[in-house]
Amino acid sequence: LVKALEERDLRTRTAISRLYLLSDVLYNAGSSSGGASRYRTTFQELLPDAFERLGRHWLQRLSRGRLERERARTAVRGVLKVWADWEIYPPLFVKGLEALMFARLPRKDDEDDVSIASDSSDVEKIEHRPHR
């Protein structure tokens, strides 16, 4: 289920549906049924990478415009707020997931702003170029 969040080229409806499904599983994992807590623990291990990839491959790449992006951001923040309200995970963990999801990607031309070179003594120097 968590790996399904990491697929490339997810449609907004699909990504949001998968987040809601994950949320339902987490809610039910709060029960006192035997083994339910294993879901929370396993998801806690996998969610940071999944949220980082989901943000990078889906949220940051939305091309349909501002309305779709805002709908997606609102849905993600809503899910994270519910998780915080349910106290499924520690507040700092939920904030970390939010930070990973909404992390800004460097633009292609920003990658050229810092270059690493090695001199004769094999000491790395970082050369900063002024921004254009």
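**Salt bridges and nonpolar core of the predicted model**

At 39% relative accessibility, Glu7 counts as partly exposed, a class that lies between buried (under 20% relative accessible area) and exposed (over 50%), with a 1.4 Å probe and protein chains only. The structure is a predicted model, in which local features need pLDDT of at least 70 and side-chain atom pairs count only at pLDDT 80 or more, while totals for chains, interfaces and linings use all residues. Residues are numbered from 1 along each chain as its sequence is written, and side-chain values use heavy atoms, with hydrogens and water left out.

Glu7 is joined to Arg18 by a salt bridge, with 3.3 Å between the closest N and O atoms; the term denotes a side-chain nitrogen of Lys or Arg within 4 Å of a carboxyl oxygen of Asp or Glu. Distant parts of the chain are linked by this pair, since Arg18 belongs to helix α1 and Glu7 to the segment before α1, eleven residues apart. Helices (H or I, at least four residues) and strands (E, at least two) are DSSP runs, numbered from the N terminus. Arg18 is also partly exposed, its relative accessible area being 21%.

The structure holds five salt bridges. One of them pairs Arg73 with Glu70, the closest N and O atoms lying 3.2 Å apart. Both residues are in helix α3, and because they are three residues apart, about one helical turn separates them. Glu70 has a relative accessible area of 37% and is partly exposed. In a further salt bridge, the side chains of Glu98 and Arg77 meet at 3.2 Å, N to O. This pair again links distant parts of the chain, with Glu98 in helix α4 and Arg77 in helix α3, 21 residues apart. Glu98 is partly exposed at 23%, and Arg77 is partly exposed at 41%.

The largest nonpolar core has 29 residues, and those with the most contacts inside it are Leu22, Leu47, Phe51, Leu54, Trp58, Trp83 and Tyr89. Two or more residues of this core come from each of α1 (12-28), α2 (36-57), α3 (66-86) and α4 (91-101). The element that gives the most is α3, with six residues. A nonpolar core is a set of buried Ala, Val, Leu, Ile, Met, Phe, Trp, Tyr and Cys residues joined through side-chain atoms within 4.5 Å. Leaving aside neighbours within four places in sequence, Tyr89 is in contact (heavy atoms within 4.5 Å) with Leu26, Arg40, Phe43, Gln44, Leu47 and Val94.
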